[in-house]
Amino acid sequence: MTDLIRTTALTKRFGSTVAVNDVGVTVREGDRYGFLGPNGSGKTTLVRMLLGLVYPTSGEIELLGQPVPRRVRDVLPSIGALVESPAAIPHLSGRTNLSIVDAAGPRTGGRRDRRDRIEEALRLVGLGGIDGRPVRAYSLGMRQRLGLAAALVRRPRLLILDEPTNGLDPRGILEIRQLLLTLNRAGTTVFLSSHLLSEVDELCDRVGIVDQGRLVLQDDLAALRAPTGRVVVDTQDPADAVALLDGRVEFRDGATLVVRADDPAELNAKLVGAGVRVREIGVQRRTLEQVVLDVTGHGSDRMDGGVA
């Protein structure tokens with residue numbers, strides 16, 4: 001499988017501060033890759049290095065098989081990007097801004113083709129009906145949608161997005177998630193940097209987690225959600241279940257038990273056979289939140305030393 005993003009020992013220092021520390025990220029073609037970490041963990045700095053906006057102190061970057069920043073101009077036409085706040089010329093309309101973005105890339109097709117690309121990008125992000133008002137009159141959510149349209153106008157092979165749903169309401173977040181899934185199914189690789197666990201959990205199939213500039217975990221999301229070797233049981237007879245299972249219950253919260261067991265069907269048969277009523281039973285899996293909390297030790301931005 002082809003790697004569209006690969007970094008090796010990537011490091012960025014700002015004076016005495018190490019923002020990105022020896023990071024090796026691998027994003028394969030077809031991935032929906034979620035890049036997670038607390039605020040200030042180095043996510044945006046890494047994204048900016050990928051796009052040649054910030055030069056690394058040391059280490060290597062390859063995008064679409066080409067070294068960055070040395071060959072970044074060769075690969076940017078195949079990449080759509082949204083980094084931090086979307087850039088736009090405020091006194092111009094959204095369509096005019098997209099025309100400028102499109103004109104900055106290689107000339108492909110005629111005037112009608114370029115116009116069609118712009119209209120398609122606006123339609124995809126939910127701005128197909130915008131009028132000629134200037135961007136300065138847009139809401140934050142509309143600006144974010146326009147920034148995503150600018151990332152899509154060249155029909156990229158790779159999308160690099162930093163907090164793409166910032167400023168959107170819940171329905172807007174859902175629409176963008178569905179759009180990214182559709183684009184991915186059509187062949188676009190998605191690299192999404194976010195601090196929102198729910199966004200990554202719903203969209204991505206592979207994750208990298210950074211903490212204090214270091215990549216502390218990188219794996220397929222399915223592997224991270226592997227069964228824990230425990231079964232969660234909801235029963236009307238919790239005391240009877242605890243007595244029957246003879247020390248295999250590791251946790252009890254009212255009618256809910258966490259039991260050491262690999263096979264929920266076998267456990268259910270044992271409980272029901274002994275007359276214990278079972279309302280619900282299922283394999284316990286780690287949540288993405290649990291994974292992140294396990295591997296990030298300094299993610300809080302509290303200043304009082306307390307526990308959030």
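Predicted model: local features only at pLDDT ≥ 70, side-chain atom pairs only at ≥ 80, totals over all residues.
How many residues does helix H4 (residues 111–124) have, and what does it reach from its first C-alpha to its last? Helix H4 has 14 residues and reaches 20 Å between those two atoms, close to the 20 Å expected at 1.5 Å a residue.

**Nonpolar cores**

- The largest nonpolar core has 38 residues, and those with the most contacts inside it are Leu-122, Leu-152 and Leu-180.
- Helix H5 (residues 140–152) supplies six residues to this core, which is the largest share.
- Apart from this core lies another, of 27 residues, which includes Val-23, Val-54, Val-72 and Val-83.
- Leaving aside residues up to four places away in sequence, Leu-122 touches Arg-95, Leu-98, Leu-127, Gly-128, Ile-130, Leu-146 and Ala-149.

- The buried residues of H4 are Arg-117, Ile-118, Ala-121 and Leu-122.
- Seen down the axis of H4, these buried residues fall within an arc of 130 degrees, so they line one face of the helix.
- The face of H4 that is turned away from the buried side carries the exposed residues Arg-112 and Arg-123.
- H4 is followed by Gly-126, whose phi is positive, near 85 degrees.

**The six-stranded sheet**

- Six strands form an open sheet in the order E7-E8-E9-E4-E10-E11, and their pairing is mixed.
- Strand E7 (79–82) and strand E11 (214–220) are the edge strands, each of which pairs on one side only.
- On average, and with direction ignored, neighbouring strands of this sheet are turned by 10 degrees against each other.
- Within the sheet, E8 and strand E9 (residues 189–194) pair in the parallel sense over five bridges, and Asp-162 stands opposite Ser-193 in E9.
- H5 lies across E7 and E8, running at about 165 degrees to E7.
- Helix H11 (residues 288–295) packs on the sheet as well, where it touches strand E4 (32–36), strand E10 (206–211) and E11, and its direction makes about 35 degrees with that of E10.

- Four strands form an open sheet in the order E13-E14-E12-E15, and here the pairing is antiparallel.
- The edge strands are strand E13 (249–253) and strand E15 (278–285), each pairing on one side only, and the twist averages 20 degrees from one strand to the next.
- Strand E12 (residues 227–235) and strand E14 (residues 256–260) run antiparallel and are joined by five bridges, with Val-233 standing opposite Leu-257 in E14.
- Helix H9 (residues 238–245) packs on this sheet, touching E12, E13 and E14, and its direction makes about 170 degrees with that of E13.
- The residues Pro-238, Ala-241 and Leu-245 are buried in H9.
- These three cover an arc of only 60 degrees around the axis, which puts them on the same side of H9.
- The buried residues of H9 pack against E12, E13 and E14, and also against helix H10 (264–273).
- H9 is followed by Asp-246, whose phi is positive, near 50 degrees.

**Backbone angles in loops**

- Val-68 and Pro-69 are joined by a cis peptide bond with omega of about 15 degrees, and Pro-69 lies in the loop between strand E6 (66–68) and helix H2 (72–75).
- Arg-155, a residue other than glycine, has a positive phi near 55 degrees and is found in the loop between H5 and strand E8 (158–162).
- With a relative accessible area of 47%, Arg-155 is partly exposed.
- Glu-163 is not a glycine either, although its phi is positive at about 50 degrees, and Glu-163 is found in the loop between E8 and helix H6 (170–185).
- Because buried means under 20% relative accessible area, Glu-163 counts as buried at 18% relative accessibility.

Conventions. Residues numbered from 1 in each chain as written. Heavy atoms only, no water. Core = buried A, V, L, I, M, F, W, Y, C linked by side-chain atoms within 4.5 Å. Buried < 20%, exposed > 50% of the residue type's maximum accessible area, 1.4 Å probe, protein only. Contact = heavy atoms within 4.5 Å. Expected span 1.5 Å × (residues − 1). Arc of directions from axis to C-beta. Pairing = 2+ DSSP bridges. Axes fitted to C-alpha atoms, helices over the stretch in contact; angles between N-to-C directions.
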